[in-house]
Amino acid sequence: EFGEGKGKAERIFGLMDVFLKNDPISLQKDILDHVEFTVAKSRFSFDDFEAYQALAHSVRDRLIERWHDTQIHFSKKDPKRLYFLSLEFLMGRSLSNSVINLGVRDQFADALSQLGFEFEVLAEQEGDACLGNGGLARLSACQMESLATLDYPAIGYGLRYQYGLFRQVILDGFQHEQPDYWLNFGNPWEIARIHITYTVKFYGTVTDEVLNKEKYKVWVPGEMVEAVAYDNPIPGYGTRNTIVLRLWAAKPSDQHNMEAYNTGDYVDAVVNRQRAESISSILYPDDRSYQGKELQLKQQYFFVSASVQDIIRRFKDAHKNFDEFPEKVALQLNDTHPSLTIAEVMRVLLDEEHLGWNRAWDIVCKIFSFTTHTVSPDSLVKIPVDLLGSLLPRHLQIIYDINFNFVENLKKMIGLDYDRLARMSIVEEGAVKNIRMANLAIICSHTVNGVSRLHSELLKTKLFKDFYELWPHKFHYKTNGVTQRRWIVVSNPSLCALISKWLGTEAWIRDIDLLIGLRDYATNSELHQEWKMVKKVNKIRLAEYIEAMSGLKVSLDAMFDVHTKRVHEYKRQLLNILGIIHRYDCIKNMNKNDRRKVVPRVCIIGGKAAPGYEMAKKIIKLFHVVAEKINNDNDIGDLLKLVFIPDYNVSVAELVIPGADLSQHLSTAGHEASGTSSMKFLMNGCLLLATEDGSTIEMIEEIGRDNIFLFGAAVHEVPALRKKGPALKVPLQFLRVVRMIREGHFGFKDYFKSLCDKIEGGNDYFLLGADFASYIEAQAAADKAFVDEERWTKMSILCAAGSGKFSSDRTIQEYAEKTWGIQPCRCAF
Ligand code: CBF
């Protein structure tokens with residue numbers, strides 16, 4: 001199994017000595033060695049952060065060991081591999097997840113405690129790796145973990161941004177953005193592979209050359225940059241398999257900007273070298289629309305080119321004939337950002353491997369699958385033709401050729417329906433000519449996936465209707481999922497232990513369908529007591545965090561009502577705030593007797609607004625001014641408290657989600673492709689208040705309508721409501737709360753005018769007014785259920801019991817079987 005090296009090592013040292021050991025003495029020795037030799041501190045004097053670094057390196061050693069074994073195994077078996085290309089991965093912290101998946105958490109905790117350190121305290125020293133914006137990026141991270149756990153031979157590719165997603169700082173209620181220097185203290189979870197580098201080319205010209213009487217295109221670049229691999233091992237749970245997320249960093253090439261050196265312009269040359277590094281500098285902080293078009297395009301091509309070279313190098317190590325490529329390679333395009341991969345593979349097969357168009361095209365059509373994560377046409381990447389032609393001249397030619405062939409064939413199929421031909425063409429005509437990357441991806445992929453059933457319906461009937469009518473067989477969906485290892489085992493250890501106790505097994509950690517067994521105990525009073533106790537422990541943890549962060553003391557008897565996600569008009573945090581104002585207004589107008597019946601709430605909102613998104617920033621400010629008023633109103637006391645969680649990220653989510661009683665998912669129906677945070681809340685037994693949007697529709701099927709608070713217009717009702725414009729009837733309570741903002745009840749009257757204008761007078765695109773009455777009703781239903789502890793606890797148990805479908809294990813299994821055609825390849829040791 002393990003080849004020459006290990007055979008020799010085994011003969012010299014004996015089998016057991018070949019592997020790193022996990023007994024307390026060995027672990028302590030490893031940690032202390034790393035303190036002394038890696039961190040370079042004395043083993044007699046080191047602090048928590050240094051202990052964390054040494055601990056992380058000791059864990060990393062074990063990851064590397066398993067990863068090597070996995071690679072050797074994969075190389076021997078030579079299975080078809082999945083290459084998962086995504087510009088965003090929101091990995092969060094690695095320590096806890098790694099030790100749990102390696103099965104050494106308790107061993108490390110014991111070893112540390114004997115050294116005088118607490119595992120949990122050290123785990124808090126780790127910063128988050130925030131190389132993504134939101135749902136799509138965290139989904140990629142969950143999917144990588146599931147791929148490892150299910151033993152699939154896969155590699156993830158992305159960019160190693162030097163600055164991750166901005167840090168959100170709130171000053172006077174306004175969001176400010178600060179750079180995320182996440183690499184400042186080093187990153188023990190990555191391995192710099194300085195020997196794995198590829199040259200990536202940009203600009204230049206394309207010439208014709210003749211080789212063996214055949215004409216070939218030759219791209220002479222104007223700029224070259226090196227891509228250096230940084231590998232991040234991803235361990236599976238309950239398996240030795242450890243796969244890798246390979247992130248590319250840009251470094252100047254020695255051959256970089258030959259012209260500047262030739263003319264002796266040293267300063268220009270240095271500036272240009274910095275330009276090279278800027279390619280992997282920053283993550284674009286907007287997940288809906290993109291700025292900085294050229295740098296964005298450079299980023300996309302940079303990671304695509306390096307990844308394709310790596311994939312082809314690996315293939316050629318074991319194969320000579322490219323006709324075998326589709327049997328060994330599945331390429332997954334995670335959204336439109338990596339779509340250039342298609343043109344790049346065509347270019348390599350044509351210009352470097354000289355396969356000829358038909359053969360290359362045949363291969364390309366068999367290897368790509370594409371998943372889109374949006375319902376909004378505005379979020380689909382388009383590249384101005386001029387820009388593409390200047391940065392990647394050969395790719396533009398190839399895309400034109402693909403488009404020419406496609407349109408010619410299309411004409412044969414649909415005739416001269418010019419409107420439709422124009423809509424389906426990869427090239428968008430207009431004042432600015434654009435390349436539609438989604439069209440390229442659909443045309444060249446064998447499968448187009450949506451991320452929930454509803455999303456897929458919307459793709460078929462709206463966004464990609466023309467393509468669906470042409471190729472219905474290409475369109476599928478794989479409802480998103482999240483990994484229970486991160487979202488229960490790591491983030492909610494008390495619930496994890498409780499579930500294992502009642503199910504009598506830990507097998508649900510790999511086979512989440514077993515959670516359904518909790519249904520049998522949904523009315524069991526003993527489980528109820530323990531379930532409530534777990535929630536209390538988590539609420540205490542969250543309340544302590546809130547107090548430490550904001551100084552606000554919140555009552556544990558209150559319902560912890562959480563709304564955490566990127567701030568966006570369609571996600572309707574504004575609706576939540578209007579609902580809070582309405583609640584406040586009602587309490588203020590109640591007599592003492594009625595006040596006693598009010599269910600106390602702690603309303604928690606967290607999330608970042610894209611820096612250039614003015615409305616989203618106003619929503620954050622509005623929450624703060626309303627909080628200021630309500631939190632300081634002695635008349636209100638504990639009946640209503642508002643908390644904003646700044647800089648919401650993966651590790652904060654791990655704390656917030658288990659402590660939530662209720663979570664809100666308020667997108668206007670038809671706008672959320674799937675939604676994944678709802679899945680994390682559901683697994684943790686948190687009740688949902690939601691619209692029938694994205695994957696919520698499938699959740700209703702799994703847990704039953706009685707166990708979720710639903711409200712608002714359904715997808716099919718939205719267009720008619722929008723059409724009504726100013727004639728749309730909105731409830732008086734809605735007008736009243738908007739008036740309170742307009743009239744300056746919370747201050748900043750002029751600042752919020754544009755916000756109010758956007759939801760009144762026929763401008764209410766996201767239908768806050770139309771949904772308001774039903775939202776308030778759903779909130780009242782939640783209050784009523786909360787005071788009935790027995791009912792609430794039963795609902796909570798049923799939510800967790802019914803959450804099995806929303807594991808990324810299920811999603812990945814479906815992709816593997818139905819889309820990628822890959823098999824598990826388990827490293828058997
Ligand atoms: O599919 C994962 C998530 O992706 C988004 O966050 C995205 O960035 N496009 C969508 O908005 C979510 O609905 C979806 O769950």
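Where is the place of Asp-172? Select it in this predicted model. Asp-172 sits in the loop that joins β5 (167-171) and β6 (174-178). Check its backbone: phi is near 55°, a positive value in a residue that is not glycine. Now count neighbours. Asp-172 has 9 other C-beta atoms within 10 Å, and 12 or fewer counts as exposed, so Asp-172 is exposed.

Next, select Phe-748. This residue lies in the loop between α31 (732-742) and α32 (753-757). Phe-748 is not a glycine either, yet its phi is positive, about 55°. Here 16 other C-beta atoms fall within 10 Å, so Phe-748 is partly exposed.

Move to the ligand. Display the shell: 15 residues surround the ligand. The closest are Gly-135, Leu-136, His-373, Ala-673 and Ser-674. Colour the shell by class and you get 4 nonpolar, 9 polar and 2 charged residues. Then colour by domain. Domain 2 (83-105 + 127-479 + 816-820) and domain 3 (484-814) both contribute residues to this shell, so the ligand lies between them.

Last stop: a sheet. Select β14, β16 and β15, which form an open sheet of 3 strands in that order, with antiparallel pairing. β14 (382-384) and β15 (427-428) are the edge strands, each pairing on one side only. Helix α18 (residues 437-444) packs on the sheet and touches β14 and β16. The direction of α18 makes about 40° with that of β16. Zoom in on β15 and β16 (residues 434-436): they pair in the antiparallel sense over 2 bridges. Finish on Val-427, which stands opposite Ile-435 in β16.

Methods:
Residues numbered from 1 in each chain as written. Predicted model: local features only at pLDDT ≥ 70, side-chain atom pairs only at ≥ 80, totals over all residues. Near = placed C-beta within 6 Å. Nonpolar A, V, L, I, M, F, W, Y, C, P; charged D, E, K, R; others polar. Domains from an automatic or database assignment. Helix = DSSP H or I, 4+ residues; strand = E, 2+ residues; numbered from the N terminus. Buried ≥ 20, exposed ≤ 12 C-beta atoms within 10 Å, placed from the backbone. Pairing = 2+ DSSP bridges. Contact = placed C-beta atoms within 7 Å. Axes fitted to C-alpha atoms, helices over the stretch in contact; angles between N-to-C directions.
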